[in-house]
Protein chains: 2
Amino acid sequence: MALLSTCVANSMTKGSWIRRMFEAGIALKQEHGENAVCDFSLGNPDLPPPSIVADGMRKLSDTLDRPFSLGYMPNGGYSWAREALADHLSREQGLALTAGEIILTCGAAGGLNVLFKAILDPGDEVLALSPYFVEYGTYVGNHNGIFRTVPTATDTFSIDLDKLEGALTGRTRALILNSPNNPTGQIYSREEVSTVAALLKEKSRIAGRPIFLVADEPYRFLAYDGAEVPPLLPLYDFAVIAGSFSKNMSMPGERIGYLALSANMPGRDALMNGLIFCNRILGYVNPPVVGQHLMRAALGCQVDAGIYKKRRDAMAEVLSAAGYNFLMPKGAFYFFPKAPGGDDVAFVNKLMQHLILAVPGSGFGCPGHFRLAYCVDEAIIHRAADGMKKAFFS
Amino acid sequence: MALLSTCVANSMTKGSWIRRMFEAGIALKQEHGENAVCDFSLGNPDLPPPSIVADGMRKLSDTLDRPFSLGYMPNGGYSWAREALADHLSREQGLALTAGEIILTCGAAGGLNVLFKAILDPGDEVLALSPYFVEYGTYVGNHNGIFRTVPTATDTFSIDLDKLEGALTGRTRALILNSPNNPTGQIYSREEVSTVAALLKEKSRIAGRPIFLVADEPYRFLAYDGAEVPPLLPLYDFAVIAGSFSKNMSMPGERIGYLALSANMPGRDALMNGLIFCNRILGYVNPPVVGQHLMRAALGCQVDAGIYKKRRDAMAEVLSAAGYNFLMPKGAFYFFPKAPGGDDVAFVNKLMQHLILAVPGSGFGCPGHFRLAYCVDEAIIHRAADGMKKAFFS
C-alpha cells in the first residue's frame, strides 16, 4: 500500500549523494572505529559557537519566568531582531537598510523556500550556476517552479556570461548566486557580478518583470587572503540576500537565518508582506525565538576564520603532494578537485577503501570532480594524506 | 510591477481574520492605551514556561563550548529526543512506540506541512470538521492538495457522521481531527472517534488505499472536569498525531513539535523515511536544537492547567451574566459563542467599540459565532464584563 506521494517517493529514489555518503560513513565507522575514518563528507562546522552565544543563552534563561518569554511574536521575527540585523547588514552591504527590508527565517533554507513560495508562479524558472548546492532544486520544486542550471567555466568555476545569457528566458524569475561557493570555494568578483547585474537588468526590461538576483551567502565571513565578497544589494535593485548564522556562529541546528531585500527595490513593501505571509503559511510560523536572542547577542562576532584557513592550507598541501588537480578555494570550507580517472563515483568509492569520505561531483551537477569538506580537525586532514595518495595512484 | 506570485497575492487578499483582528487591536491599543483594551483575539499562551524549562536552558548553555553543541543533527531530530518522546507518548497513548515512529518538527504546523508533502498527490483531498483552525487550508494547498470541510452538529459541535460519510470520496487522503478543538473547546468522545475510525477503515478498503486520521492535539493537556481525550494511535492503524509543546510548555516561539505514527501502521518505516526527507527538503532541515533540549528537560511537566480552568469559569460567568448563548468548553482555551443578531463580523465590530477584541466565526468557516481566547490574565476577563454586556444589548 503506497503511503507516500508519487513526487516524494520518486525524489527519494534519486536520493542525495551527501546523504548516501553520510550513511556509508556510518557503516564504515562502525566497522573500523570512529577515529579510523577521515570524514570530509558533511558541511557541519565543528568549531564551537563563539562564547558570547553561551552568554546570550544564559541571560535569556534568566528571563524565562516572564510571560511570553518564549511566546509567539510577529511572523517575520521580533522587531528588535530585525532592526539589529538591519544595522549590521547596512554596514556589511554599504547600503542603509531598515527592519522593513529584513525578515528572519528558519535558516537560509527556510528563507529560500519562503522567497520561492512568494515569487514563483507555476512554470517560472529559477537558474543556478553549476556545480551547485543540491537542495536548490527541491526548494524550487516545492513551489511548482522549474529549476535550471548553467555551467560555470571549466577549471575556474567562474561565471560563463554567454551561457548564462543563453539560459535566461521570458520565464526566468530568479538567478541564485552562491558565493563563496559550495562546493567549489570560488568567489565571484565585483566585475563578474556587476556584469551579471547589468545583464539581468536588461533581460528584466525585455521580459517586462524583474528577475531576482538571489545571493545565498552563508559563507560570506569565510574569504581567504583578503578576497572581497562584493555586496549585491547596492548593485542591483532586485537583489535578495539569503543568509544565516549557521556557519559564522556555528549554530546550524538552531535554524536561524534571514532574507534581506535591496533598499532600492521598487515595491519591496508588498514583497516583504508576502514573505512574512509565507513564513507563516509554510508552517515555519516564526523564526525560532531562542535563535533570535542568540543572534542578537553574537551579532558581529564569529568563529575564528584563521582556523579554517590553516585547514585549507593543510588540505591543499595534502592534495598537491599526492598530485591532485584542484583550484585553491578563495572561500567557504570545501575543495572540489578533479577525480583522477574522470569517474567521480568510482573514485569516491576508491577513497572509501582508504577510509576517506568525500562526495561525488555528480551530487552537485558536476561529474568528474569530488568535494572535500574541511570543517574538521586539522589532524584528520594530515591523517588522510597517505590514503589520498594511495587512492590517487591505485 | 508584480513581485508576488498570483497564488500568494490572492491568498493575502483573502487574509486571515485573526491577523486582521491583531492589527485592529494594535491600532485600538495605540489610541486607548494597552490596558484599556481587552484582547481575546490571539491564542498566545501568557503563562511563563514551567521553571524546569529555564533549568534545561541553563544546563545547555554550559555545554556550548563543545563542538557541534548547536550543530546539525539527523533531519528527524536527535535520537535521544525521539526516544524520550516515544517513551512519553507510549504512556500517553497506551501503545508501545519507538523512536522509529517519531519525528520532531518545527512545531505542529511544520509537522502538518511535512505530513501533507509526504502523502498528498496533486488533487488528493484533506477533510477537516468545521469550525476549524484556519491554517489547515493553506497547509494542504501548499502541497497541491484540495482542502474540504464538513460541518459539525449545530450547537454541540460534535461529529455529524452522516455528513462526514457523505464527504469522503475516492480522493480523500486524510481527515484532520482537532480535539480539544480550536475554536469550539469541544472534545470528541471515545465513542465518536471509534465510529469515525471504523468508517475510515471501511472507506479505505473501498478506495484501495489508506485514509489517514490526523490528530492535531496541541491542547491535549487542557481537558477540564476530568474529560478524556481518547488516544487515537491504538484505535486506528493509519492514525498520525501532530503535537507540540507550544501550549503545555508555553514555548510556541521556539517551534518544537512532532509527528507520531501508530505502531500498528503497515509500511510506517517507508512513511517515516518520507517524513524525515520532507523535513529536510521543505527547508526546516531539522527541528530547532535548543527546543529539543528544552523539550527533553521538561517532558511530562506542564503549566498549571488549573489557572486556565479558573479563567474558563470566569469567562463563562461573564458570558452567562450578559445572556450569551454558548457551549461550555471541555478543553483548550477558547469560547465560541453565538453572535447576537447572527452577523459575526458586525458583532465583533460592535465588541471593538467596547474595546474588546474577538475573532469572527467566519475566520473558522463558521459564521454566526465569534471566538474568545482566554489565555489572558483573569483580571482582563472580569474587566470585559461590562463591555460584553453593553455589546450584547446594543
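Predicted model: local features only at pLDDT ≥ 70, side-chain atom pairs only at ≥ 80, totals over all residues.
Visitor: Is the crossing of helix 5 of chain A and helix 9 of chain A left-handed or right-handed?
Guide: The crossing of helix 5 of chain A and helix 9 of chain A is right-handed. Residues are numbered from 1 along each chain as its sequence is written, while chains are lettered from A and ligands numbered from 1 in the order in which they are written.

Visitor: What makes helix 5 of chain A oblique to helix 9 of chain A?
Guide: Helix 5 spans residues 107-119 of chain A, and helix 9 spans residues 268-281. They pack at an angle of about 120°, with their axes 9 Å apart. Angles under 35 degrees are roughly parallel, over 145 roughly antiparallel, 65 to 115 roughly perpendicular, and the rest oblique. So helix 5 of chain A is oblique to helix 9 of chain A. (Axes are lines fitted to C-alpha atoms, for helices over the stretch in contact, and angles run from 0 to 180 degrees between N-to-C directions. Helices are DSSP runs of H or I with at least four residues, strands are runs of E with at least two, and both are numbered from the N terminus.)

Visitor: Which residues of helix 5 and helix 9 of chain A meet?
Guide: Helix 5 of chain A brings Val114(A), Leu115(A), Lys117(A) and Ala118(A). Helix 9 of chain A brings Leu271(A), Gly274(A), Leu275(A), Cys278(A) and Asn279(A). Contact means that C-beta atoms, placed from the backbone, lie within 7 Å. By class, this contact has 6 nonpolar, 2 polar and 1 charged residues. (Ala, Val, Leu, Ile, Met, Phe, Trp, Tyr, Cys and Pro are nonpolar; Asp, Glu, Lys and Arg are charged; the others, Gly among them, are polar.)

Visitor: How do you know that helix 5 of chain B is oblique to helix 9 of chain B?
Guide: Their axes come within 9 Å and cross at roughly 120°. That angle makes helix 5 of chain B oblique to helix 9 of chain B. Helix 5 of chain B passes helix 9 of chain B in a right-handed crossing. Among the residues in this contact are Val114(B) and Leu271(B).

Visitor: Which helix gives the largest share of the side of chain B that touches chain A?
Guide: Helix 5 of chain B does, with 8 residues. In the contact, 72 residues of chain B meet 72 residues of chain A. The side of chain B has 42 nonpolar, 20 polar and 10 charged residues.

Visitor: What domains does chain A have?
Guide: The assignment gives domain 1 (14-47 + 304-393) and domain 2 (53-298). Such bounds come from an automatic or database domain assignment. The centres of the two domains of chain A, taken over C-alpha atoms, are 27 Å apart. Their contact takes 25 residues from domain 1 and 26 residues from domain 2.

Notes: Contact = placed C-beta atoms within 7 Å. Left-handed = near helix turned anticlockwise from the far one by under 90°.
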